[in-house]
Amino acid sequence: MIMKPFRTSLTAVALVLVQPLSLAGGAWAQELMTPAEYAGAALRQDAIHGAYELLDAPELGLVFVASAPSFEPGASGAVYALDRDDLSIKRRIQLPRRAFALAMDHDSGRLYVGNTLDGAVTVIDAQSGVITGQAQLGQKHGEGFEHSRMVAVDPKTHQIYVTSPTEKGALWIMDPQTGALGKRVDNSGLWSAGLAIDSDKGRVYVGGGGIEEIGVFDAASGEQVARFSTGDTTSAGKDDSKHFFVNLALDAKGGRLFAADASSEQVYVFDTASGKVTGKVETGPGTLDVAYNPARDEIYVTTRGVSREDTKGTGKLMVIDGKDLTVRRALSLPVHPNSLEVSQDGKLLFVTVKVPHDEAHPDFYKDQVDSVVRFDLSRLD
């Protein structure tokens, strides 16, 4: 099975694997805040073709946005630098490969860009925009081709971690000094996709599917130290996987791991000490990204409203109370909300929103560009 490279596409794969749950009566079904109701808390910029992940760099006054405008072989990509105050474009850094994922070592000023379709990572000096390196991590061509997916940096050790959503899964650990591949951890789990790092405890969490959906690895050695399971999948066959944890978010202080499940349309909460499921939140069809804000003890989730029966999609951002897992707010967004980024001070939330490309979609129109939306979280209270 060929998996498309970005956060959204893996959702589509998972929806093919399992029957969606009933949509009636879920927490996501509450009344949505309309754009008119939240306009005072939001700022929107429509300017980027093929927007995917974003990253807040307050020390530079910028928000970086990955761009992959085309899926044609050999197409280029870009990273946009937006002013984090007004979202105006300050710089466009063109790359020879398409950009999907982003991570940053804020101490060294290195920006790491996941070139998903090429199984590679590009290194950029964030201050100057100069490309300083490129690491080929996976097999690029032919049978056994390996995508890269999520990229994360340990803020203490500066090591870089990259997931690969193949059938067996892989976790790559890059050397922070050379930017080259340092270690490869094979068999990290079915469709290794989601990624979260607990720097204090030296743990790396990888989310995917299969019987044990979450892999836990020693951050230094790459050795597997534990696996978490919902217990719902009893057969190792990929067609029998009940869940697909496409994205992860960590509450390090509270010992909780939040896993966005593209298959069951929920966010699962795991206790990181025991590996047990301690809670679930129904988020609805097209559940995609999840982020945690420790300053406000809130969880944010993007959903697209899509299923096998309804591919049109109705975009939504959910704000979930971290204390009791109730939905505080559900905000209506354009059709395809994608990636989330919480500012380091916890005051702002950035979201990329993708336009429909199907001409039959009711919200399609020619020459659309993707959006970045910034929310002032205090004004959503």
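These are my notebook entries on what I looked up in this predicted model.

**Ground rules**

I number residues from 1 along each chain as its sequence is written, and my side-chain values use heavy atoms, with hydrogens and water left out. Since the model is predicted, I keep local features at pLDDT of at least 70 and side-chain atom pairs at pLDDT 80 or more, while totals for chains, interfaces and linings use all residues.

**Entry 1: a sheet**

I started with an open sheet of four strands in the order S18-S19-S20-S21, with antiparallel pairing. Strands here are DSSP runs of E with at least two residues, numbered from the N terminus, and two strands pair if DSSP finds at least two bridges between them. Strand S18 (245-251) and strand S21 (277-282) are the edge strands, each pairing on one side only. On average, neighbouring strands of this sheet are turned by 20 degrees against each other, direction ignored. For that angle, axes are lines fitted to C-alpha atoms, and angles run from 0 to 180 degrees between N-to-C directions.

Next I looked inside the sheet. Strand S19 (residues 256-261) and strand S20 (residues 266-271) run antiparallel and are joined by six bridges. Arginine 256 stands opposite aspartate 271 in S20.

I also picked out leucine 248, which is in strand S18. Leucine 248 is buried at a relative accessible area of 9%; buried means under 20%, exposed over 50%, and partly exposed in between (1.4 Å probe, protein chains only). From leucine 248 to valine 65 it is 183 residues in sequence and 19 Å in space, C-alpha to C-alpha.

**Entry 2: a hairpin**

Strand S12 (residues 170-174) and strand S13 (residues 181-186) run antiparallel, with five bridges joining them. Methionine 174 stands opposite leucine 181 in S13. This hairpin has six residues between the strands, and glycine 179 takes a positive phi near 75 degrees.

Leucine 87 has a phi near 65 degrees and lies in the loop between strand S4 (77-83) and strand S5 (89-95). Leucine 87 is buried, with a relative accessible area of 0%.

Leucine 325 also has a positive phi, near 65 degrees. Leucine 325 is in the loop between strand S24 (315-321) and strand S25 (327-333), and at a relative accessible area of 21% leucine 325 is partly exposed.

**Entry 3: salt bridges**

I counted 16 salt bridges, taking one as a side-chain nitrogen of Lys or Arg within 4 Å of a carboxyl oxygen of Asp or Glu.

The side chains of aspartate 56 and arginine 84 meet in a salt bridge at 2.9 Å, N to O. Aspartate 56 is in strand S2 and arginine 84 in the loop between S4 and S5, so this pair links distant parts of the chain, 28 residues apart. Aspartate 56 is buried at 1% relative accessible area, and arginine 84 is buried at 13%.

Arginine 256 turned up again, in a salt bridge with aspartate 297 (3.1 Å, N to O). Aspartate 297 lies in the loop between S22 and strand S23 (298-303) and arginine 256 in strand S19, so the pair ties together parts 41 residues apart in sequence. Aspartate 297 is buried, with a relative accessible area of 16%, and arginine 256 is buried, with a relative accessible area of 16%.

Aspartate 321 and arginine 328 form another salt bridge, with the closest N and O atoms 3.1 Å apart. Aspartate 321 counts as buried at 11% relative accessibility, whereas arginine 328 counts as partly exposed at 29%. Salt bridges that share partners join Arg296, Glu298, Asp321, Arg328 and Asp381 into one network.

**Entry 4: the largest pocket**

I finished with the largest pocket, which has a volume of about 1,400 Å³. A pocket is an open set of points on a 1 Å grid over the protein atoms alone, where a 1.4 Å probe fits, with protein on both sides within 12 Å along at least five of seven lines. Its volume is the space filled by probe spheres set on the points, which are joined across faces, edges and corners.

The lining has 45 residues, and Val153, Ile197, Tyr292, Glu341 and Val342 lie nearest the centre; a lining residue has an atom within 4 Å of a point. Strands that each supply at least two lining residues include strand S2 (51-57), S18 and strand S26 (336-342).
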